[in-house]
Amino acid sequence: MNASAKEKTKYSFYRNIKYLLKMMFEINSDSKFKLIMTFVYGIIPAVFIPLAATFILKIIIDCITGDADAKTLLISFFAFAAMNIIFQAMSYKNEMQLAAYCEKWRYTVLGNIIRKNLSVNYEDIESYEKRKVFDRAIAGIFYGDLGLSQFLYNIQKMIIAITGIAAFFALAALADPWILAVCIFSAAVNFVFCVLSKKVSIEEGREYLIATRKARYLSVGKGADIKAAKDIKIFNVANWFTPLMDMIIGDYKRFKISANKKHFLYNTLTYGVFLARDLSAFAILISLYSKGRLTAGDFAFYYSVISGANSWIFQVAQLYGEFYSNHIHADDYRKCIEKEEDFGNAKHLEKFPEKCTVEFDDVSFSYDGVHDAVSHLSFKAEAGEKIAVVGENGAGKTTTVKLLCGLYSPDRGRILINGKNIREIAKEDRYRLFSAVFQDIFTMPSSIESNITMTEDNADEDLLQKSIKFAGLEEKIASLTDGVKTKLHKEINKNGIDLSGGETQKLLCARAIYKQSPIIILDEPTAALDPIAENELYMKYDEITGGKTSFYISHRLASTAFCDRILFMKNGSIVQEGTHEQLMKEKGEYFKMYSMQSYYYNEEPSGGENLE
């Protein structure tokens, strides 16, 4: 399936199947009776068509041997034909109804996962290990075309199989109790072998998914990544992919050989039991025939019944494997859906604030539970104050921003907005407080308008136009045939466009203006720009942040010198705090880093003398 072969499930097989049964009826709470009747209707064509066919075979043989007349055959044949038409129609209708229930199940479950994905802590989404919980839950919905919704089909198949076993075993018992005993014994032994074989198939499926996921990453991931093509060609690393593919294929091949050996063993034992069953059944039936207790037609009929009964047993064994698959998928789904929600007890703000103070009160946070990314962080930003958070890469600047936005929860300490703990603010209100531009630029494959307003409708046209004008996008949009309705990402939209880096920055600026949040955050969104372009863009943001509490995060110190206060971070802590002038006079860490950066940005002639 989609969990690693050695990974344990959170719940037992019994508890997960029970959970799925409960969920099945909850999803269809308005049509429980119809669902049950859908399962029941499936029994009639599935069980009685093979029974009727077996009975027709008996009549034909009896006619040949003189134990029945042609009239009986003719009546039986037309009755079977009429029943077959009716049963096939019932079967088709039943399949359509069950498919509709499966689709309802699938998209209800998918909706639950998406809603949970939006409500849990951001670290559950960003962390690779924690993200796997969501990936597995999604994979469980679509695995093998039907995924988790296959459970509905499996329920019906199990009901049909049990009914078939009961009906065929009852008929076998009519011939002789010993035949029933032979059937039960062989069926029980074959069930064990089928289950063992199915378990091997499940492990095989897991290994196959792991191997194909790795191969897909190399072939259609990094191998087909346009951004990676330059490096692949210039550094001639194309051949590097081949040994990796060989390793992946080799690992799976070795597992496949081992699995095939087990399949061969179990299948050999299964067919051995089939042979013993057939010989025993033949011996009993021949004995009954020789004593005149059976006709030739009866002989063929009961032998077909014995074979049919064991085929139902084989199907039950196969269904065990399917239910085990459902158990794994259900466990993945429950791990996802039962995750703790993001500030689940938080409340909405009584009045949305126009201005905000921000305070970090002895805040610490660790990604791995061992090393603090930020440690004992304490500072306060007054309403309308411009704060620069600077330092080297890895100093904890971005982590601080994510904590501020509520994307991460502090391990220790508090973050206060207007004196209120951020954990007590409902996430909808909390996210409304911030307008953030992160270093990982995000634009949607939709219109320029929706990328600024972040909505598909009900845009404030006046505010939209003001935002575009202030951000300097007017000229670009005027040059486009569809104006603000022009879609981005031409690899997705036929008539779409791709903005340049500078144009994208202007779009993000317009987005920040449009949102009208009381707190604005810029987390190194200009890292790819040169220092002069970065400084110009920061000055543009400085114009729009009047009266707003603003945070500028950068590792280029000159770009944030205009801020009211600068927090210099190192190893997750604030080591210096003050204005640019104050920090330069102190000649501490800030002064050293600023002087080093200034050296590289100064223009020098070839002789090494400053033009100044």
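Visitor: What makes the 4 strands an open sheet, and in which order do they stand?

Guide: In this predicted model, the sheet has the strand order 2-1-4-5 with antiparallel pairing, where strands are DSSP runs of E of at least two residues, helices are runs of H or I of at least four, and both are numbered from the N terminus. Two strands count as paired if DSSP finds at least two bridges between them, and the edge strands, strand 2 (372-381) and strand 5 (420-421), each pair on one side only.

Visitor: How do you know that strand 1 and strand 4 are joined?

Guide: The rule asks for at least two bridges, and 5 bridges join strand 1 to strand 4 (residues 412-417), which run antiparallel. Ser364, for instance, has Arg412 in strand 4 as its bridge partner.

Visitor: What lies across strand 1, strand 2 and strand 4?

Guide: Helix 12 (residues 397-405) does, running at about 115 degrees to strand 1; axes are lines fitted to C-alpha atoms, for helices over the stretch in contact, and angles run from 0 to 180 degrees between N-to-C directions.

Visitor: What makes strand 9 and strand 10 a pair?

Guide: Again at least two bridges are needed, and 5 bridges join strand 9 (residues 565-570) to strand 10 (residues 573-578) in antiparallel fashion. Lys570 stands opposite Ser573, and the two strands form a hairpin with 2 residues between them, where Asn571 in the turn has a positive phi of about 55 degrees.

Visitor: Why is Asn16 called buried?

Guide: Buried means under 20% relative accessible area, exposed over 50%, and partly exposed in between, with a 1.4 Å probe and protein chains only; Asn16 has a value of 0%, and is therefore buried. Asn16 is found in helix 1 (residues 13-27) and, not counting residues up to four places away in sequence, touches Tyr11, His327, Ala330, Asp331 and Arg334, contact meaning heavy atoms within 4.5 Å. By the limit for burial, Cys336 at 0% is buried, and so is Cys405 at 5%.

Visitor: How many disulfides are there by the rule?

Guide: A disulfide is a pair of cysteine sulfur atoms within 2.5 Å, and the count comes to 0.

Definitions and conventions
Residues numbered from 1 in each chain as written. Predicted model: local features only at pLDDT ≥ 70, side-chain atom pairs only at ≥ 80, totals over all residues. Heavy atoms only, no water.
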